[in-house]
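Take a look at the protein model below. This report walks through its disulfide, a sheet and some salt bridges.

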Amino acid sequence: MTMTCEEQQKQVHASRWVFGLATAALGAFLASGSASAYEEVTVSDGGTLTGVVKLEGAVPKPKGYNLTTLPDPFYCGRISDGEGWRILQPFNVGPKGEFREVVVYLEGIEKGKPFAEKEVPQIEAKDCLFLPFTTVVRDDQSVTVVNMDPVMHDIQAYETSNLGARVLFNVPLPMNPQHPRNFKDRTEAGMYHKHMAGPPMKELVKLSKGRRIFVMQCGFHAYMESWGVAITNPYFAKTDEQGRFTMTDVPPGTYKLVVWHPYIRTTTEQTVTIGPKGALETTIGVPAPIGRLYANEVLDHAYTRYNVTEETKKEIDPLLQKQEH
């Protein structure tokens, strides 16, 4: 029997509707089966994982920012290269390749020790820097941002992934009104002030499903940035000055150890096995990224400084730190 054109269209629409319903049901089933929440239990036979993270290869070049094109050049220029430029080096690496302030965490742990009951993570705006550069948070958790500087900052936070960015929050960061205001005054009161905290701004970090990374920047001072990663269990650490980290009370088992740094796009992973009350020490080598990582990479050409006059250079003094690049 031959169907009319209208009957064929109805059959196609019905087939699409059934296929869409089945796909949605399958997606819901997969999501319910894979998104199990972490369970806090007593770990009586947990082990210890220690390690060192090293950057293998040449340390990437830093970013460069012309202070004369951004607000507050005299105050923020207290950390600069003496030529009117502010340098931001996202890679904190020691003389022997010790990769500092990177996050390491274990994946595949469904139950284990409780999360540490600590205060809400805090990020400080200090000397026109966001500190720390990397932060670890739990999803749907707040962070506190405090301005320690005598200048205004504007916090802009975004979640990011290969799907694009989404705004988490964007609020002004007020300063303490007792700070001195005249930054051209070279007296002790004007330049060597104590850092005084402004009112804390508590903001919620609620990431979209499947996203774990966010970045916070200042809308006034582009060289101020801080990155965060959301974790799903309490087995994480940040490397210290020696590039070392430690995790305790790890339930016996085999897991994936992940190293995260915001400017390394390729994932560095290692499979680790922890025995009952065992102790494992490991070394992780992270290949240094090559090529140009950002548009404003510091270059060796003199023309990058052509628009900073000698008179302005004298006013922008690196009184706190003279940067190298």
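## The disulfide

Cysteine 76 and cysteine 128 form a disulfide, with their sulfur atoms 2.0 Å apart. A disulfide here is a pair of cysteine sulfur atoms within 2.5 Å. Such a link is a covalent bond between the sulfur atoms of two cysteines. The structure holds one disulfide. Cysteine 76 lies in helix H2 (residues 73–76) and cysteine 128 in the loop between S8 and S9, so the pair ties together parts that are 52 residues apart in sequence. The torsion about the S-S bond of cysteine 76 and cysteine 128 is about -60°, so this disulfide is left-handed.

Cysteine 76 and cysteine 128 are both buried. Buried means under 20% relative accessible area, exposed means over 50%, and partly exposed lies in between (1.4 Å probe, protein chains only). Cysteine 218 counts as buried, because its relative accessibility is 6%.

## How to read the model

This is a predicted model: local features need pLDDT of at least 70, side-chain atom pairs count only at pLDDT 80 or more, and totals for chains, interfaces and linings use all residues. Residues are numbered from 1 along each chain as its sequence is written, and side-chain values use heavy atoms, with hydrogens and water left out.

## The open sheet

Four strands form an open sheet. Their order is S9-S8-S11-S14, and the pairing is mixed. Helices (H or I, at least four residues) and strands (E, at least two) are DSSP runs, numbered from the N terminus. Two strands pair if DSSP finds at least two bridges between them. Which strands form the edges? They are S9 (129–131) and S14 (201–205), and each pairs on one side only.

Strand S11 covers residues 141–147 and runs antiparallel to S14, joined by five bridges. Serine 142 stands opposite leucine 204 in S14. Valine 143 stands opposite glutamate 203 in S14. Strand S8 (residues 122–126) pairs with S11 in the parallel sense, over four bridges. There, glutamate 124 has valine 146 of S11 as its bridge partner. Is S11 mostly covered or mostly open? Mostly covered: six of its seven residues are buried.

## Salt bridges

The structure holds nine salt bridges. A salt bridge is a side-chain nitrogen of Lys or Arg within 4 Å of a carboxyl oxygen of Asp or Glu. One of them joins lysine 238 to glutamate 101, with the closest N and O atoms 3.8 Å apart. Lysine 238 lies in strand S17 (residues 236–238) and glutamate 101 in the loop between strand S5 (85–88) and strand S6 (103–107), so the pair ties together parts 137 residues apart in sequence. Lysine 238 counts as partly exposed, at 32% relative accessibility.

Arginine 212 pairs with glutamate 107, and their closest N and O atoms are 3.0 Å apart. Arginine 212 sits in the loop between S14 and strand S15 (213–218), glutamate 107 in strand S6, 105 residues apart. Arginine 212 is partly exposed at 25%, and glutamate 107 is partly exposed at 27%. Glutamate 159 forms a salt bridge with arginine 211, the closest N and O atoms being 3.2 Å apart. Glutamate 159 and arginine 211 are both buried. Glu159, Arg166 and Arg211 are linked in a network of salt bridges.
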